[in-house]
Every structure is written in C-alpha cells, then in structure tokens.
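Q: I would like a close look at one part of this model, followed by a careful account of other local features that can be set beside it. Please give the cut-offs behind the terms as they come up.
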Amino acid sequence: MKQITVSVPVPLRGRFDYEVPDALANALPPGVRVRVPFGRRELVGLVIEPWRDAPAPDFAIRPIAAVIDDTPLVPSELLALCQWAADYYQHPLGEVLATALPGPFRRGEFVIPKPPDGLALTAAGHAALATLPARSGALRSLLHALVDGPRQAAAARAALPKAGAAALRKALDAGWVARVDCDDVSPLETPLALTDEQRGVLDTLLAARDGFSATVLEGVTGSGKTEVYLQLAEAVLRDGGQVLVLAPEIGLTPQLAARFTARFGDGVASFHSGLSEAERARHWLAARDGRARIVVGTRSAVFVPMARLKLVIVDEEHDVSYKQQDGLRYGARDVAVLRARRLGVPVLLGSATPSLETLHNADGGRYRRVQLLRRVHQHAPPRIHLLDVRHAPLHDGLSETMVDAVARQLASGHQALLFLNRRGYAPVLLCHDCGHVLPCPNCDARLVMHRAKQRLACHHCGHVEALPPACPDCGGKLVPVGQGTERIEDALRLRFPEYRIERFDSDRLRSATALNALLADVQRGAVHLLVGTQVLAKGHDFAGLAFAGLIDVDQALFGSDFRALERMGQMVTQVAGRVGRAGQPGEVLLQTHQPEHPLLRLLVEQGYAAFAARLMDERRQFDLPPFSSLALLRVEAKTEGEAMAFLRSVRRDCPAAREVDILGPAPATMARRAGFQRAQLLLKSPSRAALHRMLASWMPTLEALGQKTRLRWSLDVDPADLF
Ligand code: ADP
Ligand code: ZN
C-alpha cells in the first residue's frame, strides 16, 4: 500500500502517515500541501517525505482527502531547515512549519497574482494632498512619495510598513492613487567612496564569499556598517545571488529596506508582521522563486525560502528581539548562522555591541572578527560621564546637573535625548498614610501608574484598572514613587515649555508608522527633546543629537538575571552611540547612585569591549553561557504545589545523562503571573551535544506527562532569560 508522511499543524510530535491512491503517489513530492483527516477535523498538511510502499499497519490508516498543489510549495531547503529547528528547539514540526509559512499558505490558499507593481498619484490625489489633515500621516507620506512621478509600489511604501497597506487601500479606494505598470524606478543611488577602514573590512568580506564562514563586524555606531552591507550585497547580486538581511525590530526594517531599494531598485522584498498576510505571502513567493533579490525582514524572515541565497546579514545581532518568546522559541540569529552553514554561504553578524555568545565564537576562532573603530564623520563617540547623584536633590528623578546640561544643549540649538527604560508615570503608587502599595491582582508585581490615561496597569499581564482617588484600604493620600518616561516628560514640559518634547515608548507609539512619522520630525529638527525607552537605543540615526542623559540604569546593576549586565552595557553604549553623529561632538551623562561600581566604571572608562571581556570572565567562572548550554522547562499551574509536583515527577523520569546538571524545580523569579503559579527546571551542560541528546530522549516522557495534566508547560532551548 502506498503511504506518505505528512506534517500537520498540531502540538504533537510523531509521524502522521496517510494512504495515497496509486494514481496520485507520484504527484506528491515533499513540499506539496494536502488536505488530510485528523481526528474529526480536516487539516492542511505538508508532505515531508516521498511516498513509499509499505505493508498496511495494524491500525487503521486513513487516506488523504485532497491534493492542494501541483508542484511543491515548500522547497526542500526550507523543509530541512524547519526539521532542524524542530529537533533543536524540541518543537513539533507541524508547528515549526506553521511559524515558517505565511497565513494564506497555512490555510491551503494560493495567493492572487501580483497587481501592477507601480503606483501613481492621480489629479485627485494631488488635490487631496493639499487638504489632508496633518494627522493622516501614513496617507500623506504615501502621496508625498509619489509627487515626483510614479514609483515601484515597494519603494513608495518602504517608509510606512504597517499603515502602508491601510493607507494604500484608502488611497486606491478614494482614487487618489492608481496602480500602473511602472518600469521607471527612481534613479539608483551610487555607492559611497569607502573610508580606508571600510575598504579593509569589505575586502576581507569579499575574499570570503565562497563557502560558509561567519564574520562578526564590530563597528561603533556611525562607522558605516550599512554601507559595507550594501557593497558586499552588490557583489553578491552581480553574481546572481540573493541576499537575506535581518533587522531586530519592525521599526528598523523600513529604513534598512529603503536603503537597499535606493541602491538596488526593485527586487527588495520586506518581510515583517506589519505587512498584510497576502503581501507577506507574495514576498515569500517572490523570494522563493528568485524574483526578489534581497529580503529585508525581522526574525521570521529567517524562514523565507530563497532559491539562490548567497549571503546572510544579521544587523544588530546582539538584540534580544531575535529570540521568539513563545511558541517556537527560536533565536533567529542562531538559525541564520545555521542556515548559512547548511547552504555553504557566508553570514555577517553586525553590531556595535556584540553579544557574549558571538564574541565567544570569535575568541574561539569559529567566527572571523573585523572591526570599524572610527566613525565616518570625524568625531569619536562621546565619552560617558558618570554623574554621582548620591546626596544630590532629585526632582522627578532628575538631578539639577542633568537639567542644566539639557538646558544648555537646547539653548545652543541642539537636540537632546533622555533615556529611561521604564514606561508609565511611576512604577509604584504608595499610600502616604498607611504605606499600602497597590499590587496587581494577578501577578507578584506592583501596578504602574499611568497618569495621562488615569489608570493603573500591570506590565506583566496587561491588567488595567482606573486610578483610585484615594487608598482603597484607608482612604489616605496616594503618592507616586519613582518615575517612568511619562513623569520625566511631564517634568521636562514644565521646565522647557518653549521646546517640542516627544516621548518614545510603546505606550505612545503603537505602530511602526507612528514611530516613523515621529522619527521623520526628529530628522527635520522639529523635535528638540526626546524622552524614551529602549525604542531610542536601537539603530536609528539621529543626525542632530548632541546630548544623551541616562536617568536610571542602576537597577540593571542588581538585576537577578545573568544577562542583566550585558544588556545594560549594550543599552548604555547604544544610547551613547546615537549622540554626535553628524559632525558636532556630543555629551553623555549617566546619573547613578553607584559611581564606584567596578563594572559601570569599566564600561564608561574603557568601553564595551573591555566590559564584555570582564563579563566573559564571570560567565566562565560560573559556567554560564556561552560556557555552557541551557534549557529551561517552564510550568504554569493554578497552584504552586501542582507546578512543583509536575516538575518533580518530570525530573524523576529524566533519563540519567552524564554532563547534564538539572537544577530545581524552583519557583520562578516572579512566582505568580497572570493568575498562574510558575515554576521551572533548569538544565545545564558544558556540552551542547550532551544536552541535546538528553533532551531528545527525555521529550517523549515529558510530552506524555504533559498531556495528562492541564498544566501549561514549555521548553525553552537557549533561553534569553531565566524569569
Ligand atoms: P552604522 O550602521 O555603523 O551605525 P551607518 O551605516 O548608519 O552607520 O553610517 C553612518 C552615516 O555615515 C550614514 O549617514 C552613512 O550614509 C554615512 N556613511 C557611511 N559610509 C560613508 C562613506 N564611506 N562616506 C560618506 N558617508 C558615509
Ligand atoms: Zn499582572
């Protein structure tokens, strides 16, 4: 009897075999989608092995219901990569494929052929542009982008990812924009003349274009890493290859995609969650078939199939956003390196602050290391000055020295930035009469006060409630303690009413479009003072920024996670790197109550590389990554007893494995979250291979136990944090 093995999107491991009629067998190579009965449902599955002749098994084997594709949708390279990810992350293959495939393909649909690829402004559009209100930002930018003539749709929309689709629909419906066939792409920008440093780096990379190699490009902010990416990509494209470029944040993809489009014209496909499903599916196909020569995207783009992939670039490789925190908990940087290795092509990891994992690989000779130590535009990155605020009066968390420095910068016409990685008005609301602190009803956490919205919010579970007028316990007066970005913004507004102040955090900027609109204002110099969270620490280029003030990084010095200090060092360096890029020297002040802290001193006096080297020694001493491999089994249950009991029984059934330490079970650092009690078991080994052998043999037991309970559990291989 002819049988095939199909992957279906269900949270179960194991093989799912179906019977195929003789006549159909040859039409079912791996990568073709089929409809199959599964329980009482019918699911879209993917053939993962060629058909075979086998005796009928002793259980009932069901026939496939229908064949969807004439030719394989999923190329074998992607299938193999997903299989690898399923094994490595101990995740069911069906769910890995569901992560890798755009929605329409998961549902068994085809995508509609691409409409004409150009956009043109109509006469009505010209008229509308004059009267559109300022708040229709995305629409305005779209129309503006077409004022000088028709453009490739991709290029016109590169600057507005999310509302791009919505704005375009609106503009098409209103008749302001028409689809046209458009060959005339705007003139292509020519490559810049490289600095000697860039030249040296590029030559090294060009010489390593054959076969797999991983190179870390360590380049201070403003050293022109992007230009190196562009010229390296150019060489690859000239040879007919394709290039995959990953960026950590959806907010950063439009800029990056725009730079590639400006240089290479059409053939640049973006891939991120801001696109519509249909767009993503079309870009996916264009990349698969080699029509898109460059794919620029966020972490999920690492699974976009590319027929002639010859170069992988991971920008800001240290960024934690590359790690997915639910479902398939993959690290896109790591998958990118593996994919390059499998394909035998080079991978380039760029960052001003490489992760310890990557530095460790470079130290061990597994990765090549190249550096850009100088900024393209003269000035060295500014020194960071520690501002000792012990005994200094703080108003809304700001010292007078800090406020004076901001005043000076603003008075000389410069832009300034204040960084605080905490949203909201105040992290704690305290009753001045009885000392009561308002807790989250679902978590071991305090509610954060949001003044503008007049409410309290939990930043862990999303619980919100109205801001009470008085203490719910005693009726006393509630006072906000500590500060978030909203409070800093308010304080600065009072102090600097004549300047435009904008807050950058995820409360204020819900979409990449909103962020990009605001960033455009910053570029024009229309915003004077920026207050924000890590949104501001990422790769954005602020040409006029002369000052950065870091308000409170002390908490990171005592963070309970083993990566807290690494993150702090990266954040501080990245924020400081935004300053003084276009000519003027800059100034960076860091307020602290710990001016003697040895690691903080090391960071500001000798820079990130020395700081990272010291952290590396500590990691080695305590056998922490990158000197060991970790896997974390997390469990959530109604009671702590249940969670711990499950982990204890799991641990009992754990196969004995040399070289693997099992730590726990123990309650998680935040034991209660979103109404669940959380506990975890940590597996640690000096040998990645030993850990993986053990996980593979343990998984069946774990899954069987897991299915018998109603607990929620997940296994996180290479966890980004241990919370
Ligand atoms: P990084 O990504 O390393 O922070 P960018 O690639 O954004 O730096 O470059 C910083 C600025 O320098 C950009 O405005 C870029 O256009 C400019 N730049 C880069 N290389 C050169 C060059 N060789 N000549 C002139 N300007 C350059
Ligand atoms: Zn909560």
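A: Pro665 is found in strand β31, residues 661-673, where helices (H or I, at least four residues) and strands (E, at least two) are DSSP runs numbered from the N terminus. This is a predicted model, in which local features need pLDDT of at least 70 and side-chain atom pairs count only at pLDDT 80 or more, while totals for chains, interfaces and linings use all residues. Residues are numbered from 1 along each chain as its sequence is written, chains are lettered from A and ligands numbered from 1 in the order in which they are written, and side-chain values use heavy atoms, with hydrogens and water left out.

The peptide bond that joins Gly664 to Pro665 is cis, with omega at about 5°. Another cis bond joins Pro625 and Pro626, with omega at about 10°, and Pro626 lies in the loop between α21 (608-621) and β30 (629-637). That loop also holds Asp623, which has a positive phi of about 55° although it is not a glycine. Most residues other than glycine have a negative phi, and most peptide bonds are trans. Asp623 counts as partly exposed because its relative accessibility is 43%; by the cut-offs used, buried means under 20% relative accessible area, exposed over 50% and partly exposed in between, with a 1.4 Å probe and protein chains only. Asp718, in the segment after β33 (712-717), is likewise a residue other than glycine with a positive phi, near 55°.

Strand β3 (residues 33-38) has five of its six residues buried, so it is largely enclosed by the rest of the structure. With strand β4 (residues 41-47), β3 pairs in the antiparallel sense over six bridges, two strands being paired if DSSP finds at least two bridges between them. Phe38 has Arg41 of β4 as its bridge partner, and the two strands form a hairpin with two residues between them, where Gly39 in the turn has a positive phi of about 60°. β3 also pairs in the antiparallel sense with strand β6 (residues 66-67), over two bridges, and there Arg35 is partnered by Ala66.

In helix α3 (residues 93-100), the buried residues are Leu93, Gly94, Val96, Leu97 and Ala100. Seen down the helix axis, these fall within an arc of 160°, so they line one face of α3; the arc is that of the directions from the helix axis to the C-beta atoms. Their cover includes β1 (2-7), β4, α2 (76-88) and α12 (277-288), where contact means heavy atoms within 4.5 Å.

Cys440 lies in the loop between β21 (428-431) and β22 (448-450) and Cys461 in the loop between β23 (455-457) and β24 (464-466), so the pair ties together parts that are 21 residues apart in sequence. Cys440 counts as buried at 4% relative accessibility, whereas Cys461, at 27%, counts as partly exposed.
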